[in-house]
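Trainee: I'd like to learn how to read a structure like this one. Could you walk me through it?

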Amino acid sequence: METSFLPLLFGGDINVYSMARAFHEAYGIRSTAYGKFATGVCYESAILDYRVCAQNEDGPTFFQNVCGYAGEHPDKTVLVIGCGDSYVKLAARYRDQFPANVIAPYIDYDLMDRLTNKEKFYELCDQFGIDHPGTFVYRREMGYDFQLPFGAPYICKPSNGVAYWEHDFPGSEKVFCLPTREALETTLDKVYAAGYPDSMIIQEFIPGDDSFMRVLTCYSGADAKVRLMCLGHVLLEEHTPHGVGNHAVIITEPNDELCEKFRLFLEALHFTGFSNFDIKYDQRDGKFKAFEINTRQGRSNYYVTGAGYNLARILVEDRVEHRPQPLTVTHNRSLWMVVPRRVAYEYTPRRYHQEMRALIQAGAVTNPLRYGPDSALKRKLKLEKNQLGHFVKFKKYYHRPE
């Protein structure tokens, strides 16, 4: 299909593949993606022109890649879509310097910096009445001389995720769950010894297994009005050190009251583009508490497209075709998973199995990586190896709740 636009994606993971699949399903076109490694789910895909660039996260290189691609296609509108925090920040930084045929559908860099810094995000949550876990902001100069307003176990994570991963170290984790004050202090020492320059967030642990988590994906138009909201009920997450918290099984779930609260938040901030919230239900007080916002679509974004709300189409209709779009808050039920069904049934709570089976029998189930038009033998073999790996990972890293 001939289109007036072309998607240019940055990254190489399931987020990129999910967006490329959405564009292919909606418009029959291949996306172009710049990734750092000649491996992964995007490499050698039939629906992607995947270009390896080891310095992809370097600012001038990123800018050059966008400008070069725009120059290759001067008669097309190029949609720049970041699929990781570093790429989204680069897109926001260079947004106003790109060639005239480039659209980078992101907020300005200063607002993005406020939202993605967890300390500043929680301040905004307090301002707008968004519940969040009890939080303490730790700075290195505090040493061990600080008092916490809650007890163990403690959740510990960087306020600045991009800077954190620039100073990786043995034993690093995306989020630490620490059983004692001693373990917390030891972890803080390791983080700062590696060179991390910013604050750390220490939070109370909200009880409940993975199924107490929710994920909210939104799209806000160029006019800063929210156009789409799709809430997902997370049933299972990954538990590897670098992948902890990544979604593995999701059922879409309506909650108009919760969505309305976040709609008001986004519109008050004049947010544009995709946003993604991680939320946990606290059974102690019946409140949904926000952990963070991603100023982009999340890696599990295909749960929205798979539910019938194609994310590529809503972006194109807003930014390229300039169509009016009313607010849609999704209500239909569908199942998304990136693990084999046996793993899903083994590790999700039994109370959800009946609905999972019903959705599978109804055909309302998707695995974003299993896509008919992209099923060359070599890719299928790689995918099967990837899927089998989940049996090993969950057996090794998943600790069943008491």
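Predicted model: local features only at pLDDT ≥ 70, side-chain atom pairs only at ≥ 80, totals over all residues.

Trainee: Let's begin with the overall layout. Into which domains is the protein divided?

Mentor: There's domain 1 (5-104), then domain 2 (134-204), then domain 3 (210-397). The centres of domain 1 and domain 2, taken over C-alpha atoms, are 33 Å apart.

Trainee: Now the sheets. How do strands pair, in general?

Mentor: Through backbone hydrogen bonds, and the pairing is either parallel or antiparallel. Here you can look at one case of each. The parallel case is an open sheet of five strands, in the order E3-E2-E1-E4-E5.

Trainee: Which strands stand at the edges there?

Mentor: E3 and E5 (102-103) do; each has a single partner strand, so one side of each has no neighbour in the sheet. Further in, E1 and E4 run parallel and are joined by six bridges. To find that pairing on screen, pick Leu8 and look for its bridge partner in E4, Val80. Helix H1 (residues 14-27) packs on this sheet, where it touches E1, E2, E3 and E4. The direction of H1 makes about 165° with that of E1.

Trainee: And the antiparallel case. In what order do its strands come?

Mentor: The order is E6-E9-E7-E8, four strands in an open sheet. The edges are strand E6 (135-138) and strand E8 (176-178); each has a single partner strand, so one side of each is left without a neighbour in the sheet. On average, neighbouring strands are turned by 25° against each other, direction ignored.

Trainee: How many bridges hold each of those pairs?

Mentor: Four bridges join E6 to E9, five join E7 to E9, and three join E7 (residues 154-158) to E8. For landmarks, Thr135 has Gln203 in E9 as its bridge partner, Pro158 has Met200 in E9, and Tyr154 has Leu178 in E8.

Trainee: Is E9 buried or exposed?

Mentor: Five of the five residues of E9 are buried, so the strand is largely enclosed by the rest of the structure. Helix H5 (residues 118-128) lies across E6, E7 and E9 (200-204), running at about 50° to E9.

Trainee: What about helices? How many residues of H3 are buried?

Mentor: Eight of the 10 residues of helix H3 (residues 85-94) are buried, which leaves the helix mostly covered. Among them are Tyr87, Val88, Leu90 and Tyr94. The buried residues of H3 pack against strands E1 (5-10) and E4 (77-82), and against helices H2 (59-72), H4 (109-116) and H6 (161-165).

Trainee: On to charges. What lets two charged side chains pair?

Mentor: Side chains of opposite charge can pair when their charged atoms come close. A search of the whole structure finds 30 salt bridges. In one of them, Glu44 pairs with Lys378, with the closest N and O atoms 3.3 Å apart.

Trainee: Where do those two residues sit in the chain?

Mentor: Glu44 is in the loop between strands E2 (31-35) and E3 (48-52), while Lys378 is in helix H13 (residues 377-397), so this pair links parts of the chain 334 residues apart. Glu44 is partly exposed, at a relative accessible area of 43%, and Lys378 is exposed, at 54%.

Trainee: What does a pair within one helix look like?

Mentor: An α-helix has 3.6 residues a turn, so residues three or four places apart point the same way. Take Glu267 and Arg263, which form a salt bridge with the closest N and O atoms 2.8 Å apart. They are four residues apart in helix H8 (residues 256-268), about one helical turn. Glu267 counts as buried at 16% relative accessibility, and Arg263 counts as buried at 17%.

Trainee: Which residues are joined into a network?

Mentor: Start from Asp285 and Lys289, whose side chains meet in a salt bridge at 2.9 Å, N to O. Asp285 counts as partly exposed at 38% relative accessibility, whereas Lys289 counts as buried at 7%. Salt bridges that share partners join Glu204, Asp282, Arg284, Asp285 and Lys289 into one network.

Definitions and conventions: Residues numbered from 1 in each chain as written. Heavy atoms only, no water. Pairing = 2+ DSSP bridges. Axes fitted to C-alpha atoms, helices over the stretch in contact; angles between N-to-C directions. Contact = heavy atoms within 4.5 Å. Domains from an automatic or database assignment. Buried < 20%, exposed > 50% of the residue type's maximum accessible area, 1.4 Å probe, protein only. Salt bridge = Lys/Arg side-chain N within 4 Å of Asp/Glu carboxyl O.
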